[in-house]
Amino acid sequence: MIKAVALGKRYNDVYVFKNVYIDLPQRGLVALVGPNGSGKTTLLKIFAMLTEPSEGEVYILGAPWREARVKHRGRVLYAHQEPLVYSGTVEQNLICNDDDVLEALGLKGLMRHKAKGLSGGYKKLLTVARVLACKPQIALLDEPTAYLDPGKRQGLLEYLNEYAKKSLVVWTTHYPPEADSSEQVYEIRDGNLRLLKSRI
Ligand SMILES: Nc1ncnc2c1ncn2[C@@H]1O[C@H](COP(=O)(O)OP(=O)(O)OP(=O)(O)O)[C@@H](O)[C@H]1O
């Protein structure tokens with residue numbers, strides 16, 4: 001439900017990537033790997049309709065990018081790379097409430113804690129939970145496993161695999177082995193995107 005055709009993005013005259021083609025399904029877990037600065041966040045933010053493409057076209061849930069930005073706003077949610085929390089409690093940091101998500105991400109017992117007082121890992125989990133609890137049709141998660149210990153990484157990935165049975169989840173990581181459990185793995189490198197693996 002995300003399709004890019006000859007997509008390019010440049011800042012001034014410098015291309016981050018060009019001639020990107022991708023066709024992502026309605027549901028499934030899709031990992032985007034690549035080294036620092038390769039363009040993972042930029043691509044995710046284009047899909048999130050936060051960054052405008054420089055050339056080509058992107059279709060989100062069937063609508064061209066500019067139209068989708070108006071039509072599909074709440075259906076496509078992006079979780080920032082940085083653990084982003086606001087003042088107030090964990091509960092007050094959530095826009096939507098979903099017990100399953102909070103339980104799975106280990107936040108259930110922390111609802112009355114001050115969000116700014118959480119550790120980096122729990123701030124990151126809250127950033128991800130804020131998106132997943134709202135049940136978007138497309139969840140775009142920028143390095144959701146960063147800051148997490150191995151147990152929490154695995155727990156989160158297991159939950160994402162479950163979640164992706166109903167929705168499309170695109171997530172980024174620097175660490176290719178971690179992407180193995182995803183149904184599709186794309187790599188972005190030197191301005192090009194290529195499909196490394198697909199089980200769909
Ligand atoms: N607003 C901007 N203005 C100018 N250049 C930018 C801007 N945003 C990103 N870039 C450049 O685009 C390139 C890709 O950045 P991006 O953050 O998408 O990479 P990334 O793969 O997510 O990196 P990392 O793994 O380090 O988070 C980098 O060279 C970066 O400096």
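The UniProt annotation "domain: ABC transporter", from an unreviewed entry, covers residues 2-200. UniProt positions follow the numbering used here, feature names are shortened, and annotations may be inferred rather than shown by experiment. Residues are numbered from 1 along each chain as its sequence is written. The model is predicted: local features need pLDDT of at least 70, side-chain atom pairs count only at pLDDT 80 or more, and totals for chains, interfaces and linings use all residues.

Take the annotated span as a whole. The end C-alpha atoms of residues 2-200 lie 15 Å apart. The span is 26% helix and 31% strand. Helices (H or I, at least four residues) and strands (E, at least two) are DSSP runs, numbered from the N terminus.

Now the sheet. It is open and mixed, with 6 strands in the order β6-β7-β8-β3-β9-β10. Two strands pair if DSSP finds at least two bridges between them. β6 (76-79) and β10 (192-198) stand at the edges with a single partner strand each, so one side of each has no neighbour in the sheet. Neighbouring strands are turned by 20 degrees against each other on average, direction ignored. Strands β3 (residues 28-33) and β8 (residues 168-173) run parallel, joined by 6 bridges. Here alanine 31 stands opposite tryptophan 171 in β8. Helix α5 (residues 120-132) packs on the sheet, touching β6 and β7 (138-141). The direction of α5 makes about 180 degrees with that of β6. Axes are lines fitted to C-alpha atoms, for helices over the stretch in contact, and angles run from 0 to 180 degrees between N-to-C directions. Contact means C-beta atoms, placed from the backbone, within 7 Å.

Turn to helix α1 (residues 40-47). 6 of its 8 residues are buried, namely Lys40, Thr41, Leu43, Leu44, Ile46 and Phe47. Buried means 20 or more other C-beta atoms within 10 Å of the residue's own; exposed means 12 or fewer, and partly exposed lies in between, with C-beta atoms placed from the backbone. Methionine 49 follows α1, with a positive phi near 65 degrees.

α1 also gives the ligand shell its largest share, 3 residues. The residues around the ligand include Lys40, Thr41 and Thr42, along with Tyr11, Gln81 and His174. A residue counts as near if its C-beta atom, placed from the backbone, lies within 6 Å.

Last, lysine 18, in strand β2 (residues 14-24). Lysine 18 is partly exposed, with 16 other C-beta atoms within 10 Å. Lysine 18 touches Gly8 and Gly191, not counting residues up to four places away in sequence.

Note on methods. Contact = placed C-beta atoms within 7 Å.
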